[in-house]
Amino acid sequence: MLAFLENRNYDLDFKVWCCCYRDLHFLPHYHRDVELILVREGTAHIGVNNELIVLKKGDLLICPSGNMHYSTNTDENIMDFIVFDPTVLDLIKAKYPWAVHVIRAKELEETGLASVVERMYETVHLELRELSKNYDALIKLVLAEFYIRYMRLYKKMVQQADKSTAPASWQKIQPLIEHIEKNYKRRITLEEAAKIAGYEPCYFSKVFKKLTGQQFVWYLNNVRVGKAIELIRKSDKSMIDVALMCGFENTRTFNRVFKTVTGETPSEFIAADSGKIKGETTQKTHAHVTCATLSFTEGWI
């Protein structure tokens, strides 16, 4: 399955983010960040690499750096996310990498991790909302506590974790990913992309596909569709305006690419999206799309 490399943009210099979503759907992607997904209600279907995982209420999924993941959103659910840059845990000099791991609700209770997880989520949501003095230090502490307790319990499994899915080198194409994020509205040629990445055009395509799992043009179109979804949700602009503002030359190309990426035409997507309950966080069909944060301490919905 094709996936794009997400260059996550945090709202703060402190690289930790959290959010709660109802009936979430997002496209296949991967990133250098660690992602923790806790199912608050219902059932969630999350794909990680080549495995489709069914998560029930109370289950926790750990998705480490470099692992492709996506959701199918076939059932009603509420999922609570914490995403953070691995360097946030430098204070404890993390020795072992995270492993793709599903810890079921029953196992969390039996191992004593349930209270640690709840404290971590409550603290991260509260501190990122209030931004009180030394909020970052407190968040680091609860993340570190979870990491240490998790590693004590699952050290052997973590040591044996398969790292083959991680990108060969984040540094090689990071400047290009950032360039695409800033310039997706205009035409970006293969030659321009190759120059930014530091490769000859004839060799660039092979390198980019090896590192991201897809062709450069597909990746660029995926980013543009994500931006188009943001505009569709946040404005009343016409489809031709949306298409042009997101780098497409005409609506015909926009409609074709949109359906290739999402499985729906823009009109079908709008119809499905408008059926959601107003005032709630709904789908996130692209990892770049940021929805309104729902307060943990005041209730997610």
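This is a predicted model: local features need pLDDT of at least 70, side-chain atom pairs count only at pLDDT 80 or more; totals for chains, interfaces and linings use all residues.
**Overall make-up**

I started with the secondary structure of the chain, which comes to ten helices and ten strands. Helices here are DSSP runs of H or I with at least four residues, strands are runs of E with at least two, and both are numbered from the N terminus. Residues are numbered from 1 along each chain as its sequence is written, and side-chain values use heavy atoms, with hydrogens and water left out.

I looked up burial next: 52% of the 301 residues in the chain are buried (under 20% relative accessible area, 1.4 Å probe, protein chains only). The chain exposes about 14600 Å², an area from the Shrake-Rupley method with a 1.4 Å probe. Carbon and sulfur atoms supply 50% of that surface.

Then I checked contacts, meaning heavy atoms within 4.5 Å. Of those with a separation of 6 or more, 75% are between residues 24 or more positions apart.

I traced an open sheet of five strands in the order 2-9-4-7-10, with antiparallel pairing. Two strands pair if DSSP finds at least two bridges between them. Strand 2 (16–22) and strand 10 (101–103) are at the edges with a single partner strand each, so one side of each has no neighbour in the sheet. From one strand to the next, the twist averages 15°.

I zoomed in on strand 2, which pairs with strand 9 (residues 77–84) over seven bridges, antiparallel. Which residue in strand 9 is the bridge partner of Trp17? I found Val83 there.

**A hairpin**

Strand 5 (residues 44–48) and strand 6 (residues 51–55) pair over five bridges, again in the antiparallel sense. Val48 sits opposite Glu51 in strand 6. The two strands make a hairpin with two residues between them, and I noted that Asn49 in the turn has a positive phi of about 55°.

**Two crossing helices**

Last, I looked at helix 7 (residues 216–234) and helix 9 (residues 251–262), whose axes come within 10 Å and cross at roughly 100°. Axes are lines fitted to C-alpha atoms, for helices over the stretch in contact, and angles run from 0 to 180 degrees between N-to-C directions. Helix 7 and helix 9 are therefore roughly perpendicular (65 to 115 degrees). Among the contact residues are Trp218 and Ile232 of helix 7 and Phe254 and Phe258 of helix 9.

Note on methods. Angles under 35 degrees count as roughly parallel, over 145 as roughly antiparallel, 65 to 115 as roughly perpendicular and the rest as oblique. Buried means under 20% relative accessible area, exposed over 50%, partly exposed in between (1.4 Å probe, protein chains only).
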